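Visitor: Could you walk me through this structure, one feature at a time? I would like the general idea and then the case in hand.

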Protein chains: 2
Amino acid sequence: MPSADSLLVLKETDNVAVARAPLADGTIVTVGDRRLTIHGDVPAGHKVAISDIETQAPVFKYGYQIGVASEQIKAGDYLHTHNVQFSSHTKPSPDDFGTRSHELPGLPARTTFLGARRSDGRTATRNYIAVVSTVNCSATVCRMIEDEARRRDLLRDYPNVDGVMAVTHTLGCAMPVGRGTDILRRTLAGYAAHPNVAGLLVIGLGCEGNQIDQMVKHIVLRPGTPIARMNIQFSGGSRATVDSALAAIAEMLPEVNASFVREERPVSELVLGLNCGGSDAFSGLTANPALGYASDLIVAQGGRSVLAETPEIYGAESMLVRRATSRSVASGLLDMIDWWEDYTASSGTTMDANPSPGNKAGGITTILEKSLGAVAKAGQAPLSAVYDYAKPIDTDGLGFMDTPGYDPVSVTGLIAGGANLVCFTTGRGSALGTRPAPTLKLATNTDLYQRMPDDMDVDCGPVFTGGASLEEKGTEIYNALLDLASGKPSNSEALGYGSNEFVPWHIGAVM
Amino acid sequence: MPSADSLLVLKETDNVAVARAPLADGTIVTVGDRRLTIHGDVPAGHKVAISDIETQAPVFKYGYQIGVASEQIKAGDYLHTHNVQFSSHTKPSPDDFGTRSHELPGLPARTTFLGARRSDGRTATRNYIAVVSTVNCSATVCRMIEDEARRRDLLRDYPNVDGVMAVTHTLGCAMPVGRGTDILRRTLAGYAAHPNVAGLLVIGLGCEGNQIDQMVKHIVLRPGTPIARMNIQFSGGSRATVDSALAAIAEMLPEVNASFVREERPVSELVLGLNCGGSDAFSGLTANPALGYASDLIVAQGGRSVLAETPEIYGAESMLVRRATSRSVASGLLDMIDWWEDYTASSGTTMDANPSPGNKAGGITTILEKSLGAVAKAGQAPLSAVYDYAKPIDTDGLGFMDTPGYDPVSVTGLIAGGANLVCFTTGRGSALGTRPAPTLKLATNTDLYQRMPDDMDVDCGPVFTGGASLEEKGTEIYNALLDLASGKPSNSEALGYGSNEFVPWHIGAVM
Ligand SMILES: [Ca+2]
Ligand SMILES: [Ca+2]
Ligand SMILES: [Ca+2]
Ligand SMILES: [Ca+2]
Ligand SMILES: [Ca+2]
């Protein structure tokens, strides 16, 4: 029985489409005004050729070449490892930069959100007082300060303040000097000086490796930001430190409240962190490309959007290298890949350059196609910048930040870099939520959206089942991001997530 | 002016004593019935010979040889690097085991405490329901369960239950297989099956590397312990999981409450973890040797006491090797030292085999003397066992566990191994506190004790100033430990410490 909805075409320039449901050999389907007869039994989520492809000619999915035909392919043929191959995983050269053209979507209806401009030109989407610990030894005191501020209802008369948030971690002492310590300091400094933070307490123990005075030097605070610092050893111990901190907060509150005024701001002031976790076979078909469309809408208006998770783009570097706006951006990205190869080797493991059996069962044919799923979050925009973990996101357009794939660590790097919004896609389900920048969570499938109704914000399942086009869903996500930026709480914010999701990347020995 | 209190003799077999205050050249002091004339200006905390020492003869402090005289030394001479040397830091051989004799103190007045015997023969000092997360992604739900149990006052009718405790961490996914994953599973399993845990919830996300089913296999639960396990992805999301967990806790509570009955138990059922952090020049003179005396009192009665912090005994392996009860214990300890040398080298750092300039200014002459400060916590008992990180502490007597020096990580390993009490010494001040086993904190000096009155439990300063002998202070610590084991809260327990101090040792890459 022919159906207009049996196949999902991800990009108009593609020569493959994805089966929305299992298609038996001989089924007749329509794609636009073409009628195709399916050859082979195609599982749901697997690929079908929608035009003839000559031997050795490129196979395109979501606008990218994912491999070449290893034999003559006819429109309607089932496509997988039997007739598509990716023969050589050759490293791209930085000189390949700029060789991929791209087109961004036109201007959407909404081009502003309600944000609060800060004195340094950055724009806040939330308004917190942060209580940052230098070391695990002061973590409990920091959390007591947050809990006690809530218990005493300190914010009662300050409606423009979203909360007192403890920023705690397991590190800060017994670490050798080097990249690990640098990353910790940079990450803490990024949270302390985040546009969504308007008052700061830094709490140390007193004898830790990561001394307050050293750490505070790394924080580029906006002039006039109220700050208090105290060491438990010199403040009378735990209870006395909590009391002093609460007094300091009470003193800061009027100013922190008054300085936050939401007004209409252009989308160019958004800094969006892109992330995914618990991916499934739908991730690359629904939520990720729909988010990519939303990301392109933001980039098209001069905003910033940042992809991350270096191990998850492995094998697909060329896709991003060809989109790089300069040789230095391209070589910066390739250096990050190199570092990961060395790092994993020295840790006794490897980066995997092949789709797993599970990936193949899900319809993934080549490593490029696998990483395409992850990279689809970044849309079509040119790659304008690369950032080391937690470094300031200072360039308009699409960027890439070097982070692990592990969700809390990756998102922490993006927020430390100044992301004032995060968008996270998941197929299996995720319980992530963040502060001081909020996270919007996209379900790749409707089943998940219905199973975790209090956690997931947007259902991208209809893209697969035919209820919405990628552009429609992408526009819905874009609008949801603008609402979130304007102060509407995400589900994870309403649940109170964010304290345990701050996890700075830890590299190096614990002594 | 002669004074009986000018010198502190740490062990009767020593040929050196420590100046309690600065002693000017020519001062006359008494030691027991001897009168000595001080030669040289001796800063407080530095050493004086109390008998003549021939060239190349051994110098003993706290019962150990810390070096040899590099010239003829007379009773009353100031001793430091100018006349004492430690010429070769040769590695001891495992065949050196058992070459050091030792004497344990006689039986003290108190030989029992009030503990609750469990069905596996271990003895509980507290009674918790643990809510263990498999992965950081379920950490917030675990903490919500703890908070909500408190908010709803679920324990109101169950006076024998000390609390519902979330056991959360930053790990559990994106970790390569290997020692890192093994350690995480073992540590979580050790907490889950701790004698102080009588009801267990294991909460996962659903798609993490550290799957619930795999993890639960590692937990050696006492038969009949109530357990509930749930994955957020299959339990309706965050809020629904919290609700299900609270229902499961409500069901467990009557049994968890009824099964905990304190009765008089012998000291042989104590398992004491020894630790220190923020050490100062007094650590090795007051709190550490006084704790060592208390540890010996416990070991003398068939109890268990476990030293840890491998990097902090570096250079003094021979002290412990000579106390080892077998060749395999000695070689196990030496293998741990070897591993740390290789590990720190591969992490681009080193173990330091020399006292620092700050140590020397504090009166530390040799690396042996430095590590003696740390090892003094373990008293004089023979070394009966060595344990890999978080492995079950299954041998009576003194043991050694391989852990980093970093306080929360080291203490977590000891509790995972089954310590039902921890004793922690500090000179600079510490805000550590633990669950499900409580921690007693000893101040090495009175100034600290007075500066952090709500955190520190025992003041060991009088040992230095002459107000108490080591034996007196050690007995006071021993009695305080028995009170703590019997249910008297430590200061850190009263403050509510323990959630953020669970930090499993992390080795290996974050992917
Ligand atoms: Ca801009
Ligand atoms: Ca991820
Ligand atoms: Ca025993
Ligand atoms: Ca320590
Ligand atoms: Ca070696």
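Visitor: Is A:Ser6 buried or exposed?

Guide: Buried means under 20% relative accessible area, exposed means over 50%, and partly exposed lies in between, using a 1.4 Å probe and protein chains only. A:Ser6 has a relative accessible area of 11%, so this residue is buried. A:Ser6 sits in the segment before strand S1 (7-8) of chain A. Helices (H or I, at least four residues) and strands (E, at least two) are DSSP runs, numbered from the N terminus.

Visitor: Which residues is A:Ser6 in contact with, leaving aside its neighbours within four places in sequence?

Guide: Contact means heavy atoms within 4.5 Å. For A:Ser6 the partners are A:Val18, A:Ala19, A:Arg20, A:Ala21, A:Leu23 and A:Val29. A word on the ground rules: this is a predicted model, where local features need pLDDT of at least 70, side-chain atom pairs count only at pLDDT 80 or more, and totals for chains, interfaces and linings use all residues. Residues are numbered from 1 along each chain as its sequence is written, chains are lettered from A and ligands numbered from 1 in the order in which they are written, and side-chain values use heavy atoms, with hydrogens and water left out.

Visitor: Now a helix, please. How many residues does helix H2 of chain A have, and how many of them are buried?

Guide: H2(A) has 14 residues, of which 12 are buried, so this helix is largely enclosed by the rest of the structure. Among the buried ones are A:Ile183, A:Leu184, A:Leu188 and A:Tyr191. The buried residues pack against strands S12 (128-133), S13 (163-167) and S14 (197-204) and helices H3 (212-217) and H10 (407-416), all of chain A. As for length, the expected span of a helix is 1.5 Å times one less than its number of residues. H2(A), residues 179-192, reaches 20 Å from its first C-alpha to its last, close to the 20 Å expected.

Visitor: What are the protein donors of the calcium ion (ligand 2)?

Guide: Donors are N, O and S atoms within 2.8 Å of the metal (3.2 Å for Na, K and Ca); water is not among the atoms, so sites may look incomplete. Here they are A:Cys276 (O), A:Glu309 (OE), A:Gly405 (O) and A:Asp407 (OD), at 2.2 to 2.5 Å. Their spacing in sequence is C-x32-E-x95-G-x1-D. A:Glu309 is in the loop between strand S18 (304-307) and helix H6 (317-321) of chain A, while A:Asp407 is in helix H10 of chain A, so the pair ties together parts 98 residues apart in sequence. A:Glu309 is buried at 1% relative accessibility, and A:Asp407 is buried at 12%.

Visitor: What is the order of strands in the open sheet of seven strands in chain B?

Guide: Strands of a sheet pair through backbone hydrogen bonds, either parallel or antiparallel. Two strands count as paired if DSSP finds at least two bridges between them. The order is S19-S20-S18-S17-S21-S22-S23, with parallel pairing. S19 and strand S23 (458-459) of chain B stand at the edges with a single partner strand each, so one side of each lacks a neighbour in the sheet. Two bridges join strand S22 (439-443) of chain B to S23(B), and B:Leu442 stands opposite B:Val458.

Visitor: Where can I see an antiparallel pair?

Guide: Look at strands S3 (28-31) and S4 (34-37) of chain B, which pair antiparallel over four bridges. B:Val29 has B:Leu36 as its bridge partner. The two strands form a hairpin with two residues between them, and B:Gly32 in the turn has a positive phi of about 60 degrees.
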